[in-house]
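Subject: Structure handover

Hello,

I am passing this structure on to you. Please have a look at it first, then read my notes below.

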Amino acid sequence: MAAVAATQNALNPAQQSIGTLKIENTDKRDTLIASEKKYQRQWADSKIFEQDAPSLEDVPLHSIAPAELRKKYPKYMVTMAYPYVNGTPHAGHSFTASKLEFSVGWARMKGKRALYPQGYHCTGMPIKACADKLVREIEMFGQEFERCPIDEVASEDSKPPTQQANGAPPAPVQETTKEDITKFTTKKSKANAKVNVNLKYQFQIMLAIGIPVEEIHRFSDPQYWLEYFPPLWKRDLTDLGCRVDWRRSMVTTDANPYYDAFVRWQMNRLKEMGKIRFGKRYTVYSPKDGQACMDHDRQTGEGVVVQEYTAMKLRVKEWPEAAKKKIEGKIPEGGNVYFVPATLRPETMYGQNSCFVGPGITYGIYEVKKGEEYYFISDRAARNMAFQSIFPTWGAFPKVAELQGSDVIGTIVNAPLSIHKDGIRILPMESVKETKGTGVVSCVPSDSPDDYATIMDLAKKADYYHIKREWAELEILPIIETPSYGNLTAKFLVESMKINSPKDAKQLAEAKDLAYKEGFYKGKMIYGEFKGKSVEDAKPLVRQQLIDAGEAFAYAEPDGRVISRSGDECVAGHLDQWFMNYGTPEKSGDETWQPTVLEHVRNENGEGLNTFSTEVKNAFEQVLFWLAQWACARSYGLGTKLPWDQSQLVESLSDSTIYMSYYTIAHLLHTDIFGKNRGIADVSPDQLTDDFWDYLFCRTSTPPKDCTIPEHSMQMMKREFEYWYPLDLRCTGKDLIQNHMTFFLYVHIALFPPEYWPKAVRINGHLMLNGEKMSKSTGNFLTLADATRKFGADATRIALADAGDGIEDANFEETVANANILRMYELRSWCESVIIDARPLNDGETYTSVKENERHKVADSIQRTGPKTFWDKVFLNELHGLVRETETQYELTSYKAAMKSGLYDFISARDFYRTVTSSSGQGMHQDLVRTYVELQALMLTVVAPHWAEHIWLEVLGKPDTVQNALFPSVPDQDGSLTAAREYVRQVSAAINGAEGAQLKRMAKGKSMTYDPKKDKKLSVFCATKHPAWQDSVIEVVRNNFADMRLDVSAVSKQISKQESKRAMPFVQQLKKSLEGGVPAEEVFGRKLAFDEVEVLGEMVSGLKATVVKCKVVEVVVVEEGEGVRASGKMGKVVASSEEGKVGKERTEMPASAEGAVPGQPTFYFENV
């Protein structure tokens, strides 16, 4: 058991959580979690999330059209990609789940019947591959792996990383974005463990996800995975508070015969429609598994596709001495050896003037036709060719000789189409990669910036590269004329971009992109048989000419490294296979399929697909143009058997395209996820014929004649589909656009009438944890179960909402989740105190007297009744604005912004109201307090439903669950109150800022006009009219403003130099307002939306209470627009904290008083 013990030690939670937050003092969290569990049980017991279509009794089938039924009884159906059940949900899964969870909560608040169903995906290789690994490991090590020695799992950290022969790193490949239990490693420092463990065996991976060692052997049966993990997903999503209708769940594959019949129907119909075809095509292929390796069958390389090349045959005319020695006796007399460069630009082959190899790469010479034909290529390319019928025996690639690239420098080869008929030389190129193409590269310096830069460098440094200069100085032939770069594109770009060396990789990559696009889309052939044709037209013609002449052949390879679930490095295989005929008609795709999907995505008429962002729409369009045929069957794994070929299984991304429609009737067919028990429709799987599915999904208008399903059952199912479809929203991560989400659109559009095509997709980015990529090996990893145990459901949900909303990667901050615990606990306690323990003031009582004479846990429980004051009106008006803003953000699915307005700004508005009414001695109004608490609960119902439920039922005493509450309708904001509130904020901030600045000056020992630490008086100066000099400036601005633009230059010329210093800042203020969209009449009228004097009067008591050591506050109106200098002009006190001061004239005015203009008061501190 040594290996098991070492693995368990390495997986100690204390070690694995090293990158995540530790929480102490959990009383508040535990209180919230207890409440959450209580409401989750109540919701489950009441079946609140089980949603049904209107019954046939209420609305007989087709008594009104389905569209009218949906309009009369609004509905909302949302789904996410069903999870693959080889593990439990982590924070990344939860992030996507939160998006549809919030959207379904919002739909409920809009009065819709909202459906969130959840199934489980089991199709494909991963489960079967893991189970088979366990079978082998049990045979090797015993049922509990007790015979596995510790050396077998010891980490090999000390070994240097594998390098290629030329020292170059492997070509970059797209990273897989999923975390699953087939990929996991862990390391512990030597200070913490005697052995660093490498999780190389499947039993270790099972330990890593918490499976007890004595239970692991049961997972050697693939079916056990299907029984074990779905309940855990249900548990974890329920613990998060998800509003799932669990009746509609199912597993895929033939483990559920009902779903199996559904998949068989769709495959049959797609084949009949010509959408599924049979033939030879290239696909990513696993030699070890003996089948195509599609995206979900891969450990690494998801999204990598096959790249097709034209492989040129450059026959060797003369070998250099180094090569002759190595191949002596290995190539029979009369045998031809060909260097085989793979090119994407066959139309440029007229301009070949050399051929490159990597001097440090190990190549082989491989026998293609015994005694006659041999290819000089990389080992990787040979392995690919072995599965493309290029070699005589499938899978075999006999190597007869091995050489370094440096051995063949100077070889003379014959280059088909090249003008250099005497042959061209093999030359060195340091940047050649054996992981790309064949490791042999044709050199066309007229049109390839890389080739031009390299050939120039070789000619310049011939001695350094051990070549003869003339080898690199053959004529460069113009082949293609382009409008931007002339007929020597590469030369033009290298020189204009100042590329000095082949090592200028970034600039060369940019130049290559420019050259290819310009040449392909705008270039015209000026040499060769197809002279005068566009490059776009000539390319396939030249390619076919070369192939027909036996001077080239088709070659393909994965455009990146792909490792299958079985650990095999995949190749491109040329196979007879069944495939979905996706792709543009130009790529041999179905004539109408891709164009129809593209039109739906572009949504130019507003009736297509809502993608919520231009980035997402563009991403779909890009996939629709590059995606081609897709293999839809395999021979290994779990799944539904292909109806017409029982030896094949439907591929995992092909049985999961329209399953959302199955959700609509799943609960009527079966009562368990495996379909063992019939549902209320009382139908057997055998009765689900293809004709029945056609009728159910509106492909035919009448029931099939031979159907044995009872009419009422058929009508029930048809009602459910016609009501819930089309799908209102599909949520998933951005990595699935390139496959699943695009297939989802293709197959919906193929099989359903337009009325039932998907309406919207919401794509989210990947989720980082604490600002870093989630990784089990570093401990920066969080499962959903961990999150809800650590933070509770609502705090986790708020942190998920706060993580981000766009397609860019988001960030789950544990500190945010932790802060939410305290925030929501304190807010809950405050709501309880001000509602349950409310102490209304009686007639004759004041807030201050009761506060001083009675003991209350929270002073805010002391509340006024009666007429509303100015601050009451301002607070209520602000709440109405925040409610409207929150509604807007929920509608846009912008949950982070919804939390800002509906939680953080809501609390800030409350805090301001508490402060201003407390400091003024008024206290809060009871009606406003209750309004705030009710609105706060409703603002949070979507994201934090447990918290909202507690407030709704236990605090406010509502009779029904908040899950049935509607979002509040509030009046429009009063513009004058909104402006007044903003004015109060600005004035308060300016006064507090001035106090802070004065304290800093004092700390630095600078001179001051008053001591901020001593008793002081605050005078606020306001003006009732604008300075006269501004009137003339207004007129100048008015005359130079047109078409939403202000000509500042013209304005400045019309203002005298004497006035310019004070006038131009004013002009800039006007410009900002005018060009910012403020109506011109408001800007030029300069009228305030509120009574400034009245508002300042309301602020007096609050300023006195909040400004430190402030004994007196006065508001003074400066009576003349020009202000009052120290010349004896007066102001009048209009508000004061001292009795008897209002109405008094002020004759001694500080200089700051002159700066007051309407809406922009000034102030002055002095010690008293």
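The model is a predicted one. Start with the largest nonpolar core, which has 86 residues. Phe262, Tyr662, Trp693 and Met717 have the most contacts inside this core. Helix H21, residues 737-751, gives the largest share of the core, 10 residues. There is also a second, separate core of 66 residues. Ala91, Ala787, Leu935 and Trp952 are included in that second core. As a general point, nonpolar side chains in soluble globular proteins tend to be buried together.

What does tryptophan 693 touch, leaving out residues up to four places away in sequence? Its partners are Tyr258, Ala261, Phe262, Trp265, Tyr662, Ile665, Leu669 and Leu688. Two of these partners, Phe262 and Tyr662, are also listed with Trp693 among the residues with the most contacts inside the largest core.

Next, the empty spaces. Rolling a probe the size of a water molecule over the atoms shows where empty space is left. A search of the whole structure turned up four cavities of 30 Å³ or more.

The largest cavity has a volume of about 90 Å³. Its lining is made of Leu32, Ser35, Glu36, Asp794, Ala795, Asn820, Met824, Arg828, His946, Trp947 and His950. By type, the lining has four nonpolar, four polar and three charged residues.

The second largest cavity has a volume of about 40 Å³. Leu61, His62, Ile64, Ala65, Pro66, Leu69, Arg719, Glu722 and Tyr723 line it. Helix H4 (66-72) and helix H20 (711-724) each give two or more residues to the lining of this second largest cavity. H20 supplies the largest share, three residues. Here the lining splits into six nonpolar, one polar and two charged residues.

The largest share, seven residues, comes from H33. The pocket lining divides into 14 nonpolar, nine polar and eight charged residues.

One strand residue is also worth a look. Glutamine 648 lies in strand S25, residues 645-650. Setting aside neighbours within four places in sequence, glutamine 648 is in contact with Ala633, Arg634, Ser635, Thr640, Lys641 and Leu642. Glycine 637 is 11 residues from glutamine 648 along the chain. Their C-alpha atoms are separated by 9.8 Å.

Last, the record. An unreviewed UniProt entry lists residues 68-134 and 225-812 for "domain: Aminoacyl-tRNA synthetase class Ia". In the model, residues 68-134 are 49% helix and 13% strand. The end C-alpha atoms of that span lie 55 Å apart.

That is the handover.

Best wishes

How values were computed:
Residues are numbered from 1 along each chain as its sequence is written. This is a predicted model: local features need pLDDT of at least 70, side-chain atom pairs count only at pLDDT 80 or more; totals for chains, interfaces and linings use all residues. Side-chain values use heavy atoms; hydrogens and water are left out. Helices (H or I, at least four residues) and strands (E, at least two) are DSSP runs, numbered from the N terminus. Ala, Val, Leu, Ile, Met, Phe, Trp, Tyr, Cys and Pro count as nonpolar, Asp, Glu, Lys and Arg as charged, and the others, Gly among them, as polar. On a 1 Å grid over the protein atoms alone, a cavity is a set of points where a 1.4 Å probe fits but cannot get out, and a pocket is an open set with protein on both sides within 12 Å along at least five of seven lines; lining residues have an atom within 4 Å of a point. Grid points are joined across faces, edges and corners, and a volume is the space filled by probe spheres set on the points. Contact means heavy atoms within 4.5 Å. A nonpolar core is a set of buried Ala, Val, Leu, Ile, Met, Phe, Trp, Tyr and Cys residues joined through side-chain atoms within 4.5 Å. Buried means under 20% relative accessible area, exposed over 50%, partly exposed in between (1.4 Å probe, protein chains only). UniProt positions are given in the numbering used here, feature names are shortened, and annotations may be inferred rather than shown by experiment.
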